[in-house]
Amino acid sequence: MSERRYSFCWDLARDIGARKNLGLLVHVEEYRLVHFCLRDVLEQHYGTEQADALFRETGELAGRHFYERFLSEATDFNSFVAEAQRVLRKLGISIFRVEEANLELGKLVLTVTEDLECSGLSVTGEVSCAYNEGFLAGLLSSYVKRKFHVQKVDCWCAEATTCRFTAQIFEV
């Protein structure tokens, strides 16, 4: 394996000194241009299943870093959820909700609405959001300190009005 150039750190994502006029904001279309072009290239080289796995892994890494930067001060589950909702909405990432939570059993049902990945895309009948699955797994795993498996069960692209996920503590 060759030397890595871009091991993630927040300096890569937050240094906007060169964007004095444009700042932090970008249109969702431009985010999706990068997202879906990358997905297209990965699918061409590795197939859809492997592209999904790589997007999940990327989302999980992002979720862990997001947790460390924005949510690590949460003292209980309710404050964790409230802060996640506030920050995700403030940054224009999504509207996040917990529909059901049984922390004793490690089971949750979560929704993500108006997300960057698929809200507003054409209805294809296909379930999308591998990145979101990983991102939510990264957030939850970081908070609970145990690995979570997150699976999408409803999707905008499959005619749902919100993206719904089940989350379960992953037992090894």
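## Helix packing and selected residues in a predicted model

Helix H4, residues 77-90, packs against helix H5, residues 130-144, at an angle of about 145°, and their axes lie 11 Å apart. Here axes are lines fitted to C-alpha atoms, for helices over the stretch in contact, and angles run from 0 to 180 degrees between N-to-C directions. Helices (H or I, at least four residues) and strands (E, at least two) are DSSP runs, numbered from the N terminus.

This is a predicted model, in which local features need pLDDT of at least 70 and side-chain atom pairs count only at pLDDT 80 or more, while totals for chains, interfaces and linings use all residues. Residues are numbered from 1 along each chain as its sequence is written, and side-chain values use heavy atoms, with hydrogens and water left out.

**The contact of H4 with H5**

The crossing of H4 and H5 is right-handed; a crossing is left-handed if the near helix is turned anticlockwise from the far one by less than a right angle, and right-handed if clockwise. On the H4 side, Phe77, Phe80 and Leu88 meet Phe135, Leu139, Leu140 and Tyr143 of H5, where contact means heavy atoms within 4.5 Å. By class, this contact of H4 with H5 has seven nonpolar, no polar and no charged residues. In this classification, Ala, Val, Leu, Ile, Met, Phe, Trp, Tyr, Cys and Pro count as nonpolar, Asp, Glu, Lys and Arg as charged, and the others, Gly among them, as polar.

Asp76 is placed in the loop between helix H3 (48-71) and H4. Asp76 counts as partly exposed because its relative accessibility is 37%; buried means under 20% relative accessible area, exposed over 50%, and partly exposed in between (1.4 Å probe, protein chains only). The side chain of Asp76 reaches the backbone nitrogen of Ser79 at 2.7 Å. Along the chain, Asp76 and Phe135 are 59 residues apart, and their C-alpha atoms are separated by 20 Å.

For H3, the 24 residues at 1.5 Å a residue should span 34 Å, and the end C-alpha atoms are 32 Å apart, which agrees. The expected span of a helix is 1.5 Å times one less than its number of residues. The buried residues of H3 include Phe55, Glu60, His65 and Tyr67.

**His35 in helix H2**

His35 is found in helix H2, residues 28-46. With 5% relative accessibility, His35 counts as buried. Not counting residues up to four places away in sequence, His35 touches Phe55, Glu117 and Tyr131. The side chains of His35 and Glu117 are also joined by a polar contact of 3.4 Å. A polar contact is a pair of N or O atoms within 3.5 Å; within protein, one must be able to donate a hydrogen and the other to accept it, and residues adjacent in sequence count only if both atoms are side-chain atoms.

**Ser141 in helix H5**

Ser141 is found in helix H5, and its relative accessible area of 13% makes it buried. A polar atom of the Ser141 side chain lies 2.8 Å from the backbone oxygen of Ala137. The backbone oxygen of Arg146 lies 3.3 Å from a polar atom of the Ser141 side chain. Leaving out residues up to four places away in sequence, Ser141 touches Arg146, Lys147 and Phe148.

**Loop residues**

Most residues other than glycine have a negative phi.

At 25% relative accessibility, Leu121 counts as partly exposed. Leaving aside neighbours within four places in sequence, Leu121 is in contact with Arg32, Phe36, Trp156 and Cys157. Leu121 and Cys157 are 36 residues apart along the chain, and their C-alpha atoms are separated by 6.3 Å.

Val26 is placed in the loop between helix H1 (10-14) and H2, and Val26 counts as exposed at 58% relative accessibility. The C-alpha atoms of Val26 and Gln168, 142 residues apart along the chain, are separated by 34 Å.
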